[in-house]
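Let's take a walk through this model together.

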Amino acid sequence: MTDTITVIPGDGIGQEVVPVAVSVLDEVGEFAFEEYDAGDAVQAETGEALPAETRRAVEGSDATLFGAAGETAADVILPLRAAVESFVNVRPARAYPGVDALRPETDIVFLRENTEGVYAGHENRLSDDLSTLTRVVTDSASRRLAEFACDYVADGGGEFTVAHKANVMRETDGRFREAVLDVAEERGVPTDEVLMDAFATQVCLSPSAFDIVVCPNLAGDVLSDLAAGLVGGLGLLPSANIGEERALFEPVHGTAPDIAGEGVANPVATVSSAAMCCEFLGHDEGAERVRQAVLEVLADGPRTPDLGGEATTEDVERALLDRL
Ligand code: ATP
């Protein structure tokens with residue numbers, strides 16, 4: 001059966017790296033691709049950063065591959081994550097053989113709550129002097145994330161660590177912590193916990209102490225970017241926004257305006273996101289082939305300038321397709 005994947009390259013280097021991921025997917029499976037617009041460029045043209053037809057396409061397809069959006073990112077990615085009813089953002093951060101990494105032993109998967117926390121959108125300007133933000137934490141979202149984490153551990157073994165700041169945000173992170181640990185106990189999954197500020201230090205000094213890290217929304221965003229620095233940069237990190245029925249895959253990086261249009265963006269983060277997409281759609285063998293090709297190309301080159309090489313995006317694309 002042919003799976004349809006909605007493709008949204010978006011802005012900046014999204015336009016350069018998403019086509020690479022599409023040609024890689026095309027090489028390993030039977031997929032139909034339907035391309036839609038979102039982001040700054042379509043906003044400038046039509047007044048809408050996320051056209052209704054794009055949103056409808058995402059709501060109607062099992063899987064979406066997204067690149068990046070610039071100034072309009074919050075108007076695009078938050079509704080898109082909602083469109084797939086995504087409750088967890090999976091962000092693997094692993095170092096690759098052959099790539100210069102600050103911490104080559106890093107191999108961590110962040111499972112980030114994806115619907116609430118301080119990103120729930122409740123900000124207010126109350127006066128010329130005062131703005132406020134309401135943080136939202138529910139038992140249901142925290143437990144759903146924990147169930148996913150337990151399934152994730154059941155698939156791969158090990159334990160997970162909950163990162164939180166419940167010693168200060170006693171009510172909100174207290175609830176998050178308690179809900180996650182309760183589910184883990186019910187499911188018999190071993191866990192550990194760490195204060196998120198201490199985690200930021202520990203992960204730099206000793207990344208191999210962590211395997212799977214479960215975090216609230218903002219913490220997961222920041223800490224996984226920090227981990228990107230340990231493994232060789234943002235050009236490598238994929239992510240998956242998983243819902244009960246649909247999912248959206250995107251690189252952790254943004255539009256990289258400093259290099260956009262130069263043809264030197266590293267496509268690996270997006271290609272690895274495509275591998276996660278393949279797996280989500282049940283094409284495990286295709287996903288494994290893509291991962292293997294990425295491993296080999298990163299080890300042997302060519303490499304883009306962010307990894308110290310001189311290759312173009314197209315050189316890396318050709319090398320990946322050759323391996324496949
Ligand atoms: P945005 O506002 O869209 O998030 P940004 O510049 O703030 O853009 P990123 O796009 O994530 O954030 O880029 C941060 C830095 O990492 C930039 O210097 C960028 O060039 C670099 N970078 C990000 N992604 C890649 C990539 N795929 N290949 C090479 N360099 C990248």
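Not counting residues up to four places away in sequence, Phe 110 touches Asn 89, Val 90, Arg 91, Ala 93, Phe 199, Val 213, Cys 215, Leu 223, Ser 224 and Ala 227; contact here means heavy atoms within 4.5 Å. A second, separate core of 13 residues includes Ile 8, Val 76, Leu 80 and Leu 248. The largest nonpolar core has 82 residues, and Phe 110 is listed among those with the most contacts inside it, along with Val 90, Leu 111, Phe 160, Phe 249 and Leu 320. Such a core is a set of buried Ala, Val, Leu, Ile, Met, Phe, Trp, Tyr and Cys residues joined through side-chain atoms within 4.5 Å, where buried means under 20% relative accessible area, exposed over 50% and partly exposed in between (1.4 Å probe, protein chains only).

A word on what you're looking at: this is a predicted model, where local features need pLDDT of at least 70, side-chain atom pairs count only at pLDDT 80 or more, and totals for chains, interfaces and linings use all residues. Residues are numbered from 1 along each chain as its sequence is written, and side-chain values use heavy atoms, leaving out hydrogens and water.

Most residues other than glycine have a negative phi, and most peptide bonds are trans. Glu 85, however, has a positive phi near 50°, and at 54% relative accessibility it counts as exposed. Ala 256 also has a positive phi, near 45°, but at 21% relative accessibility Ala 256 counts as partly exposed. Finally, a cis peptide bond joins Gly 301 and Pro 302, with omega about 5°.
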